[in-house]
Amino acid sequence: MFEAMAFYFFSAVTIVMFWITVTSKNALYSMSALAAGMIMISGFFFLLDADFLGVVQIIVYTGAVMALYAFGMMFFDTTREVKENIRAPKLVFLLSGMTALLLVIAFVAPIVGDHIEALYPMVEGVENPQAVGIVLFTKYLVPFEVAAVMLLVAMIAGIILAGKKMDESLTLKIDDEFQEKGVQ
Amino acid sequence: MTLTGFIIATVIKILVVLGVISALAGFGTYLERKVLAFMQRRLGPMHVGPYGVLQVAADGIKLFTKEDIVPQNSVKPIFKIAPIIGAATAFIALAAVPLLPEFEIFGITIHPIIADINVGVLFVLGVMASGLFAPLLAGMASSNKWGMLGAARTAIQLLSYEVVTGLSILAPLMLVGSLSLIDINNYQSGGFTDWIVWSQPVAFILFLIAGFAETNRTPFDLLEHEAEIVSGYATEYSGMRWGMFFIGEYANMITLGFLASLIFLGGFNDWGFIPGGLAIVLKVSFLFFFFLWTRAAWPHIRPDQLMWLCWKVLMPIAVINVVVTGIVMMM
């Protein structure tokens, strides 16, 4: 009974949050609602006993992805309403609605037709993180390693791009410029 | 245990943890002022009650009765929610921390942990990390340029140091082979010499340094650096909303103390003749004192020094530490 109650609670809150994200004209409302929705999704993972994936959902989406959105928000006046320039609202609504409907059908069809089965079912007596690890390091070893190398390259590139001017202090430099102007 | 018994026990545990930790967080402000005062050869709060102990109550009354100001141009709902996020995430993180060893009361064995999930460490760190939304949203909603600067610094500082925390904790987790805080504690049950701090001293120091940045303590309290950006994200706040940010900050300090004790300092295992329950309280108290000690001893640092420290010093050391641990474990 508790699981059903929790499921309906999380579904209702998630849908309301994403509804606010899409419909709100204030960018700050949208961002907060998106973050709240992402955290609520992790509730479904916990309900399915996938604790590890639930925690990863919290860390990746709220810790990393949302904070990057927040960086983007710094360039706007978040307290003002965004004026969207949509020329054909009916067409946009129809296209996005159809895409969403197609996605739902594509995912629900195998469940309804009962044609879904786990290719790599959970090994008995193995905990969550270990189960993820077993699949990652056997079946998906190559994609996993390629992704790891890509992330490493991205990290090094990021440090080099950002680190060029790391040795000189911006604060001290500005101070020097002021002093030079003062002398003239 | 039956379902009803489980629900009652959990509700009681939640109430006890909420009550005790928020009371300790309040008392922490008094301790902080007293410790800072003694280190700077002052007396600190002295007038309210013996040695100023009742200063906490006076401050509480002041915060509760102060006018609650919401600025006219702010985004009001977000402005009001932000402090609640700060306090809530700090307490939710405590849910997966085993606070004391199991004990028996009225013939019932009690596990002093609210939710024993098998990915405890990740859960605590993840929820603490999502606490970054409190200063971020507060700063962006309050339509104040100091608030905005505080919010920008939040995103930069907390995100960067999250990387160091994760990498530094990875090496001890490789040794233990489990993400459950209870397993990590039991791994060190052999006594003083079994503490992970002896096999992973580098990881311990990195974790502490990153912990200072994540809980926004001096020398890394750039989010509300008084000398530069007035009060940062909290500039526009007053009364209880302002107080909630700081209840969250002190609760986070206590959580971090528990994490460091459990992972590196032997947790709640018996320590010589000291029973386990007392041992972990002593360790957490020492770490709390260490936070205050550092605040008295070190000045603030500049934002560029903060980034330099994170990406050029701490992160490479953390990666090397993980690699060396892996090589040693393979051999």
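**Confidence**

I started with the confidence of chain B in this predicted model: its mean pLDDT is 84, and 99% of its residues score at least 70. Chain A averages 81, with 90% of its residues at 70 or above. I then checked which elements of chain A sit at the two ends of the scale. Helix α7(A), residues 170-183, has the lowest mean pLDDT at 68, while helix α1(A), residues 2-23, has the highest at 89. For the model as a whole I noted an ipTM of 0.79 and a pTM of 0.83.

**Chain B, overall**

I counted 13 helices and 2 strands in chain B. Next I looked at the radius of gyration. Chain B has 20 Å, and a compact globule of 331 residues would come out near 20 Å, so the two agree. The box around its C-alpha atoms, taken along the principal axes, is roughly 60 × 55 × 45 Å. Buried residues account for 46% of the 331 in the chain. I also looked at how far the contacts reach along the sequence: of those between residues at least 6 apart in chain B, 77% join residues at least 24 apart.

**Chain A, overall**

I found 15% of its 184 residues buried. Of its contacts between residues at least 6 apart in sequence, 48% join residues at least 24 apart.

I wanted to know how α1(A) sits. None of its 22 residues is buried (the count is 0), so α1(A) lies largely in the open. I checked its length too: at 1.5 Å a residue the helix should span 32 Å, and its end C-alpha atoms are 31 Å apart, which agrees.

**Nonpolar core**

Which residues touch the most other members of the largest nonpolar core? They are V124(B), L137(B), A141(B) and V164(B), in a core of 114 residues. Leaving out residues up to four places away in sequence, V164(B) touches L206(B), A210(B), C310(B), L314(B), M315(B) and A318(B).

**Where B meets A**

I listed the contacts between the chains: 30 residues of chain B are in contact with 28 of chain A. On the chain B side, the elements giving two or more residues are α4 (120-130), α5 (133-141), α6 (145-176) and α13 (303-330). Of these, α4(B) gives the most, with 6 residues. I sorted the chain B side by type and got 20 nonpolar, 6 polar and 4 charged residues.

**Helix α12(B)**

Which residues of α12(B) are buried? I found A279(B), I280(B), K283(B), V284(B), L287(B), F288(B), F291(B) and L292(B). What covers these buried residues includes α1 (3-39) and α11 (239-263) of chain B.

**Positive phi**

Most residues other than glycine have a negative phi, and I picked up two entries that go the other way. D49(A) has a phi near 65°, a positive value in a non-glycine residue. D49(A) lies in the loop between α2 (27-47) and α3 (51-73) of chain A, and counts as partly exposed because 13 other C-beta atoms lie within 10 Å.

R41(B) also has a positive phi, near 55°. I placed R41(B) in the loop between α1 and α2 (55-65) of chain B. Is R41(B) buried or exposed? R41(B) counts as exposed, because there are 6 C-beta neighbours inside 10 Å and the cut-off for exposed is 12 or fewer.

**Two more residues**

I looked up I134(A) in helix α5 (residues 128-138) of chain A. With 14 other C-beta atoms within 10 Å, I134(A) is partly exposed. I134(A) and A36(A) are 98 residues apart in sequence, and their C-alpha atoms are 31 Å apart in space.

R302(B) was my last stop, in the loop between α12 (276-297) and α13 of chain B. R302(B) counts as partly exposed, with 15 C-beta neighbours inside 10 Å. From R302(B) to P201(B) I noted 101 residues in sequence and 27 Å in space, C-alpha to C-alpha.

Terms used. Residues numbered from 1 in each chain as written. Chains lettered and ligands numbered in written order. Predicted model: local features only at pLDDT ≥ 70, side-chain atom pairs only at ≥ 80, totals over all residues. Core = buried A, V, L, I, M, F, W, Y, C linked by C-beta atoms within 7 Å. Buried ≥ 20, exposed ≤ 12 C-beta atoms within 10 Å, placed from the backbone. Contact = placed C-beta atoms within 7 Å. Helix = DSSP H or I, 4+ residues; strand = E, 2+ residues; numbered from the N terminus. Nonpolar A, V, L, I, M, F, W, Y, C, P; charged D, E, K, R; others polar. pLDDT = per-residue confidence, 0-100. Rg over C-alpha atoms; globule rule 2.2 N^0.38 Å. Expected span 1.5 Å × (residues − 1).
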